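Subject: A structure for you to explore

Hi there,

Here is the structure I promised to pass on. Have a look around it, and then read on for a short tour of what turned up.

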Amino acid sequence: MKMNDTAYIKLIEEISLNAWPSHKIELYDGWLIRFSHNYTHRTNSVTQVGSSLIPIEEKIAYCEKIYENYHTPSIFKISPLIDPGFDKLLAERGYEIQHTTETMTMDFSDFCPLEPIGAEYEYYGRNSGLPSFVAYQDDVIVQLRDRITDDWIHSLFRLNGTTHPTLRRIVPSMFKAIPKETIVASIEIDGRMVASGLGIMDRGHVGLYAIYVDASCRHKNFGRAICSTILTEAKKKNATKAYLQVVEGNTYAKHLYQTLGFQDLYTYWFRVKELH
């Protein structure tokens with residue numbers, strides 16, 4: 001890996017950590033121990049962010065005890081920034097690979113958006129400069145807000161199948177703890193959200209998150225319209241690059257992102273040791 005690649009991966013890792021806060025975080029000798037009742041692997045794992053002084057075996061045992069007390073599996077995030085020997089060590093301790101994820105980035109000079117046919121601006125009470133909606137062919141209308149609302153979160157739960165009472169209680173506070181400017185997108189049919197998306201701005205980049213389309217509405221360009229709208233508005237706000245994460249094997253989403261202009265940057269995965 002070239003030095004400039006390493007520096008850029010480090011930047012993407014940092015801004016993606018900013019973009020998605022955990023319910024609880026502990027900093028331990030250069031490691032972030034994140035816990036969110038297993039909502040996602042990203043928010044419920046150990047991420048290495050700095051240099052270490054404590055012996056590695058001692059540190060792993062400490063993290064395992066933390067997660068054991070939380071009654072969740074021990075999970076470590078493995079990125080290209082991590083010493084490959086650490087991944088091997090976890091494998092020897094019985095950790096299995098889960099949720100291999102491809103990180104994609106795009107320079108806006110490569111952006112190929114779905115072209116809108118109209119937009120409406122409501123300036124009263126809206127300081128973000130975002131249109132209230134952007135219209136596309138075939139009556140596809142993307143609604144935009146500059147903040148995450150409870151209604152949007154609970155509609156998102158329906159789209160992504162979040163039913164556990166604890167998660168429905170804590171996850172809204174995680175979304176509201178995002179410290180960066182957001183672009184919140186949705187498509188509704190008869191007052192019901194059928195597609196969602198979230199753009200999070202940081203250091204000239206916009207990250208795409210929470211891209212979901214209801215199964216009954218696939219292959220109607222809803223995902224493309226959501227992503228195109230968020231990216232276009234982020235570009236107006238002086239973003240020059242975009243990034244996202246897509247789980248390996250999600251070929252439909254991967255193809256969508258490639259046709260928008262995204263390219264692969266790096267792959268990461270999680271090493272998981274289940275509770276016994």
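**A strand and its partners**

Ser186 is found in strand β9; helices (H or I, at least four residues) and strands (E, at least two) are DSSP runs, numbered from the N terminus. Before going further, please note that this is a predicted model, in which local features need pLDDT of at least 70 and side-chain atom pairs count only at pLDDT 80 or more, while totals for chains, interfaces and linings use all residues. Residues are numbered from 1 along each chain as its sequence is written, and side-chain values use heavy atoms, with hydrogens and water left out.

Is Ser186 buried or exposed? Its relative accessibility is 8%, so Ser186 counts as buried (buried means under 20% relative accessible area, exposed over 50%, partly exposed in between, with a 1.4 Å probe and protein chains only). Strand β9, residues 182-189, is mostly covered too, with six of its eight residues buried. Leaving aside neighbours within four places in sequence, Ser186 is in contact with Ile141, Val142, Gln143, Trp152, Met193, Ala195, Ser196 and Ile226 (contact means heavy atoms within 4.5 Å).

Which strands pair with β9? On one hand there is β8 (residues 140-145), which runs antiparallel to β9 and is joined to it by three bridges (two strands pair if DSSP finds at least two bridges between them). Here Gln143 stands opposite Ser186. On the other hand there is β10 (residues 192-202), also antiparallel to β9 and joined to it by eight bridges. In that pair, Ile189 stands opposite Arg192. The hairpin of β9 and β10 has two residues between the strands, and Asp190 takes a positive phi near 55 degrees there.

**Helices α4 and α5**

Now to helix α4 (residues 150-160), where Trp152, Ile153, Ser155, Leu156, Phe157 and Leu159 are buried. Among what covers these buried residues are α5, β9, β10 and β11 (205-213). After α4 comes Gly161, with a positive phi near 75 degrees.

Helix α5 spans residues 165-176, and α4 packs with α5 at an angle of about 125 degrees, their axes 10 Å apart (axes are lines fitted to C-alpha atoms, for helices over the stretch in contact, and angles run from 0 to 180 degrees between N-to-C directions). The two helices are therefore oblique to each other (under 35 degrees counts as roughly parallel, over 145 as roughly antiparallel, 65 to 115 as roughly perpendicular and the rest as oblique). From α4, the contact is made by Asp150, Trp152, Ile153, His154, Leu156 and Phe157, and from α5 by Leu167, Arg168, Val171, Pro172, Phe175 and Lys176.

**Helices α6 and α7**

A second pair is helix α6 (residues 222-236) and helix α7 (residues 251-260), which pack at an angle of about 40 degrees with axes 11 Å apart. That makes α6 and α7 oblique to each other as well. Gly223, Arg224, Cys227, Ser228 and Leu231 of α6 make the contact with Leu256, Tyr257, Thr259 and Leu260 of α7.

Not counting residues up to four places away in sequence, Leu256 touches Gly223, Arg224 and Cys227. Leu256 and Cys227 lie 29 residues apart in sequence and 9.4 Å apart in space, C-alpha to C-alpha.

Happy exploring!
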